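Subject: Structure handover

Hello,

Here is the structure you were waiting for. My notes on it follow below.

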Amino acid sequence: QVLLVESGGGLVQAGDSLRLSCAASGRTFSSYAVAWFRQAPGKEREFVAAISRSGGSTYYADFTKGRFAISRDNAKNTVWLQMSSLKPEDTGNYYCAAVGTTYPTRKEGNYDFWGQGTQVTVSS
């Protein structure tokens, strides 16, 4: 069992940066690949970025286009999503999710554990 808690969201202006955190409970966090997803109002949840359990492999949605960076520190049981050059279309609720495999996937149905989300609002 893994409990995930996101933080770091907020209201920012276009062009600003934010760093989201996903803190995990449990001693075996390093056994889980982790991903970030987001959901905008009226839209389906979509994949944003993911990281392998060692942190050696990362994956990004095309829309991040080098603006976002995912990282993790297994000693701190934490995964981060650094977001820069934010746009109004980045607005949404951001969720982290974990799956007990070496490498993550882009499919939300494959993830076993989810956080409650943190809201990101980007004004123009």
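The structure holds 4 salt bridges. Please keep in mind that this is a predicted model.

One of the salt bridges joins arginine 38 and glutamate 46, with 2.7 Å between the closest N and O atoms. Arginine 38 is buried, at 6% relative accessible area, while glutamate 46 is partly exposed at 32%.

Another pairs arginine 67 with aspartate 90, at 2.7 Å from N to O. Arginine 67 sits in the loop between strands S6 (58-60) and S7 (68-73), and aspartate 90 in the loop between S8 (78-83) and S9, so this pair ties together parts that are 23 residues apart in sequence. Both partners are buried: arginine 67 has a relative accessibility of 11% and aspartate 90 has 1%. Through shared partners, salt bridges join Arg38, Glu46, Arg67 and Asp90 into one network.

Glutamate 108 forms a salt bridge with arginine 45, the closest N and O atoms lying 3.0 Å apart. Here the loop between S9 (92-99) and S10 (113-114) supplies the glutamate and the loop between S4 (33-39) and S5 (46-51) the arginine, so parts 63 residues apart in sequence are tied together. Glutamate 108 is partly exposed at 30%, and arginine 45 is partly exposed at 25%.

Separately, a note on alanine 23, which is found in strand S3 (residues 18-24). Alanine 23 is partly exposed, with a relative accessible area of 36%. Leaving aside residues up to four places away in sequence, alanine 23 touches Leu3, Leu4, Val5, Asn77 and Thr78. Serine 7 is 16 residues from alanine 23 in sequence, and their C-alpha atoms are 8.2 Å apart.

Regards

Note on methods
Residues numbered from 1 in each chain as written. Predicted model: local features only at pLDDT ≥ 70, side-chain atom pairs only at ≥ 80, totals over all residues. Heavy atoms only, no water. Helix = DSSP H or I, 4+ residues; strand = E, 2+ residues; numbered from the N terminus. Buried < 20%, exposed > 50% of the residue type's maximum accessible area, 1.4 Å probe, protein only. Contact = heavy atoms within 4.5 Å. Salt bridge = Lys/Arg side-chain N within 4 Å of Asp/Glu carboxyl O.
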